[in-house]
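The following paragraphs lead the reader through a protein structure, one region at a time. Please keep the sequence and the model in view while reading.

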Amino acid sequence: MSAIWDPNRPELDTGLVLVATPITSRHWQAAAHLANFLRGKGASLVPACMPNLYMEDGETKAFRFWTRTRSSAIQRVWLVGIRAGSRDVQVRAPHTTGALAEYTLTGDRRTMLVYVEDLSTKAIVDGEISLEVTVPEGGSFYVETISCYEQDRPILNLDATDLGVESASVAARQPIYDAANRSLGGIIDALEGADARRCSLFQYASGGTIDGFGGLTNSSLVYADLLPLAVPILGVKQYRSDTTARAVWRAYCKQAAGTGYVRLTTTNSGVDDTLPVNWSTDAWSLPRVLYVDCDDMAATDGRQGADWDSLQVEYAGDGTNAITFKSVSVYTGADVLDLFSGGTFDRESEGTYYYSSAEVSSSFVDFAAADTRRLDSREDGLGTTIILEAEGNTNHVVQSEDLTTGDWVGINSAKFNPAIGVSPYASADTCDIEFPAGGSTPATAPQAQIELTTIPNASVDCTISFWARMDSGTGKIQARLLRRDGTTYSGALPYEFDVTDTWQRFSTSQWAGNAGASPLKLCLLNGSDYAARNVQVWGVQVEDGISSTPIQNPSSYIRTDGGTAARASETLRYAPGEYPESFLTRGFAITHIPNESSADMLERLNGTGWTGVIAGIGSSNHYLRFYNNAGSLYVQAYSTPLVRVQAGPLTFSANQPLGIEVRPNEGTLRILGATTGDGTYGDTSILPAADVVTWVGTGTAGIATSGQADPYGGTDAWLLTDDNNAATEALRTTTGVTPGGPLNVSLRFKKDLAATTFVGVRFAVEASEVALNLVTGDAQVIAGTAISNVQVTEEDGWWLLTYDHSGEAAGNVAIRVHPARGTTYPTASNAAMGSCTVYGGSIRLGLPWSWPSGGNFAIGCRASGTTLGSNGRFGRYVISL
Amino acid sequence: MSTSPHEGLIRTGLTVDSGSAIGASIARDYLLNNLLHLADEYAQVRMAMGNTTYLEALETNVFPDRYYLMASSGAFPLPMRANRVPYALRIRIGGACSDAGTVSFRVVLAPPGLAAGYANPEDAAGDPIAPSWDFVWEATATGSTASWLTGATTGPNASANLLTVDAETAAGWMVNTATLTDLAGDTTTAQQCLVAVHVFASTADLARSARLHAAYAAEWIGDA
């Protein structure tokens, strides 16, 4: 019995399905065949694109595309349009690892090569698919076009992956019932699992060598067009009132230094999305969201109007350094959490944000009311507007804007002029400080002073910040704190800033003094050239600092008017049902722009510990977080009780965009955009699960004998023997490997119903140990606390033992097997003697996991809504993987 | 055009178990409607290409007025409707001439082995005749600036941007493609209307050539 696919998709007159009239078997049959059509029909993964790449003798090029495949596909058909004379061409997919096929071309003409890629698993893969083309010897050719589609499945399995509906179960006179893959139950399962996506809307790959060369480059700040004509783009209509469809896009690119950009725009739907590229090694960007026109089902050709919605792709360097642009993919299927709406946002005070850049506007700051999101739009090349989240803080300056109220005092002939110009906040004027010429030291310089009535945290530096600009031209201004020492004040040398006629926010940090060293005075001094000048000043802030680094970023501005004021901490969380459930298992991608550098993060918590939550997932104790691990900064995916995978060490500057992709099911974590530390972490075998390994007897003459029958018909298993009554073990060793994170261990032991002893397994340098009963397959931890999730499954007369090992194992990790750990399971005894047969053995970095369902998904705070968040900004969308 | 009664998906909180009765409205407005709409919108994008460079017909200078192949999408299985009419193809072609003159383009939706014949139809005596099918679209380009071309199919529909194939023609194009039943590797065949979008071009002046800068082709449920 099977689910048969009808190449002619059924259509039926639903007008004949009437209330109070039985639904005919013909309708059920049509429904079943439609369900099978939707599951069995393959999707286009790469619409024909035009690399038009010239390749010469001996070259190999990889063409990379990103899409989200369908779960039922088992073959991909690649079509490669070659323009060549008589010569050979080699093709494989995926690049590097696919089965190589060689084609012999004749005549100078266009030839379409067909390459079929058989898949090893059926699954939705949100990832790269690729093709490699080689000119093996002699001649050259053009790779003009490439396309790829999933082959149709004429027969579906009756299982939970294919969701085929058994054709016979909907035949006439059959009962209507609820069962997997049959009748109505099967139809509904297939409908809910239907994946009739228009998988890829646009794909382009220029082709590049596998080790990084090739691609389009542009060092200019002026965008270069990828396309001579913007190419039509239309998505699928979901609901009747929809006029747009959501898609996501990624680019495969790098920037030699500095920041380059890739920008996508559309003609009708108004997309204008800029990706900053600040990584120097070829990599796929994080996904970004765009909304394009969708089909109009009532229109003859499906378009929404006379104009096509069309896509343009542009790329630019930074004026000096070139961007290298290799691929761009626009595809569908990812779920998205829009951080600009929904969920529960809390902040018990107002908060400040940028609605534009000082570079383009004389006023650019605004205030969001309590419990209102702050949508920051600094036009600083970080893409579209982003959401700002921060911990709470207090401004200790009682008068932050109007310097003429009397709270501020002019010293050494400095004075204040009111209503000089427009402040960064459009609704408020600014005043200036008029510094006359004169003075020669910080003490004698003209300056403005204000006494702080509350005391910033003692023992750490506090952060001074303010906006300043010249009435015209350029100038200088200095800032420092003075601490009272008895009847006199003293302080560090002031920090000097260069001021232009554009508003800039300046900041420095200074030691506030030990507890009791109060009151403090904040001084804004004339520049150290002591020339006469007028400097406009607005938004002065002194807040509790976090470290002793010389300069650090202030938090967002807190306005005051006659007294100190606080900005409350912010939390943004989504309840179950408000965020995609797939976040917990398949994972998600998020962009985070920390407000502080990695060095500041480390210093804020001077010792091992976590320094801020990027996302809280599920219930308490499940996080994506920054972590100070022995003086190095990591991003960790933590799900109690273990760190599942960690990425780092990382370094980055304040306000540097970090892309983070976490895939629980795969046990991986990827970082993109850090100064150092970019890459994918986890899911890395440091001791490959190879079929041929070497075991070495150790201790007191453990014996390891190779050549034993293995589970796959070979002779690659080992007999390990303990033939004395001491602690005898055998090792399988790696060298030079420092895991740097949690590990997953797996080993196969031959089932032995006659065994009188049990096996012990541990790492060579750690005490935690698992005991395995060779007769029953029972296993349990018999020592230590680092081992968890012990599982044993039986496969063809072998026990497959797997377990997780927390913490960071030492270098040169080795699996240590004690063939006869004891005679009475699970009591350890060195006196026991016996043997076991072992095969394979792997140690894998990163532990696949799933976060618990039923809890909140929180951004920049814990899932419970409490803080210790990571201060900074977040991209608008969290995107499922 | 839509075959689903609501021209879009319908949400429902329906739960189905052995004890549930499925009424006509749930069957029609949810089950059948959503299946039909998903099948309508299964339509895939088969060509979406452009580049800073362009493709040219290799043999344009051999015989004037003959159409030579510039690009192909590669053969793909066009989805079929219940009446055995394939889904339509929504196309847009961006081209230009190598100089200020005029060149002609023909876009043919057909199996690869037949496309050149449809691009260059002949009468019984072997003389060229005009094509007259709605799966052959033609346009001209004048000047060397890349632009989207305005044209129409050569059949009775004279459609500006929809290539269509009738059931009888499609029946002759059906092939059985070998594929697998599952990962285990057992083989079977899939019945498919395996066609490709081919872009041909021609010039009356041997000194000039046609340039293909961009092309788009996407399936569409059409109005069969």
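Tyr353(A) stands opposite Asp366(A) in strand E27 of chain A. Tyr353(A) itself belongs to strand E26 (residues 351–354) of chain A, from which Gly351(A) and Tyr353(A) point one way and Thr352(A) and Tyr354(A) the other way. All of these residues are buried, where buried means under 20% relative accessible area, exposed means over 50%, and partly exposed lies in between, with a 1.4 Å probe and protein chains only. In a regular strand the side chains alternate between the two faces of the sheet. E26(A) pairs with strand E27 (residues 365–368) of chain A in the antiparallel sense, over 4 bridges. Two strands are said to pair if DSSP finds at least two bridges between them. Strands and helices are themselves DSSP runs, numbered from the N terminus: a strand (E) has at least two residues and a helix (H or I) at least four.

The model is predicted, so local features need pLDDT of at least 70 and side-chain atom pairs count only at pLDDT 80 or more, while totals for chains, interfaces and linings use all residues; side-chain values use heavy atoms, with hydrogens and water left out. Residues are numbered from 1 along each chain as its sequence is written, and chains are lettered from A and ligands numbered from 1 in the order in which they are written.

Chain A as a whole contains 3 helices and 67 strands. Its C-alpha trace spans about 95 × 85 × 75 Å along the principal axes. Of its 881 residues, 59% count as buried. Contact means heavy atoms within 4.5 Å. Among contacts in chain A between residues at least 6 apart in sequence, 74% join residues at least 24 apart.

How is a sheet of several strands put together? An open sheet of 4 strands in chain A has the order E4-E9-E6-E7, with antiparallel pairing. Strand E4 (60–68) and strand E7 (101–105) of chain A stand at the edges with a single partner strand each, so one side of each is left without a neighbour in the sheet. From one strand to the next, the twist averages 20 degrees; such angles run from 0 to 180 degrees between N-to-C directions, and the axes are lines fitted to C-alpha atoms, for helices over the stretch in contact. Within this sheet, strand E6 (residues 87–92) of chain A is joined to E7(A) by 5 bridges in the antiparallel sense. Val91(A), for example, has Ala101(A) in E7(A) as its bridge partner. Asp88(A) also lies in strand E6 of chain A. Its C-alpha atom is separated by 4.4 Å from that of Thr104(A), 16 residues apart along the chain.

Strand E49 (residues 658–663) of chain A pairs with E50(A) in the antiparallel sense over 5 bridges, and Arg663(A) has Thr668(A) in E50(A) as its bridge partner. The hairpin of E49(A) and E50(A) has 4 residues between the strands, and Gly667(A) takes a positive phi near 65 degrees there. E50(A) is also joined by 4 bridges to strand E51 (residues 679–682) of chain A, again running antiparallel. In that pairing the bridge partner of Leu669(A) is Tyr681(A) in E51(A). E50(A) and E51(A) form a hairpin with 6 residues between them, and Gly673(A) in the turn has a positive phi of about 105 degrees.

The helices remain to be considered. Helix H1 (residues 25–40) of chain A and helix H2 (residues 183–192) of chain A have axes that come within 9 Å and cross at roughly 35 degrees. The contact involves Trp28(A), Ala31(A), Ala32(A), Ala35(A) and Arg39(A) of H1(A), together with Leu184(A), Ile187(A) and Ala190(A) of H2(A).

In chain B, helix H1 (residues 24–40) has a kink of about 35 degrees, centred on Asn33(B); the bend at a residue is the angle between axes fitted to the seven residues ending there and the seven starting there. H1(B) is mostly covered, with 15 of its 17 residues buried. His37(B) has its place in this helix and is buried, with a relative accessible area of 1%. Leaving aside residues up to four places away in sequence, His37(B) touches residues of both chains, including Lys237(A), Met297(A), Ser4(B) and Glu7(B).
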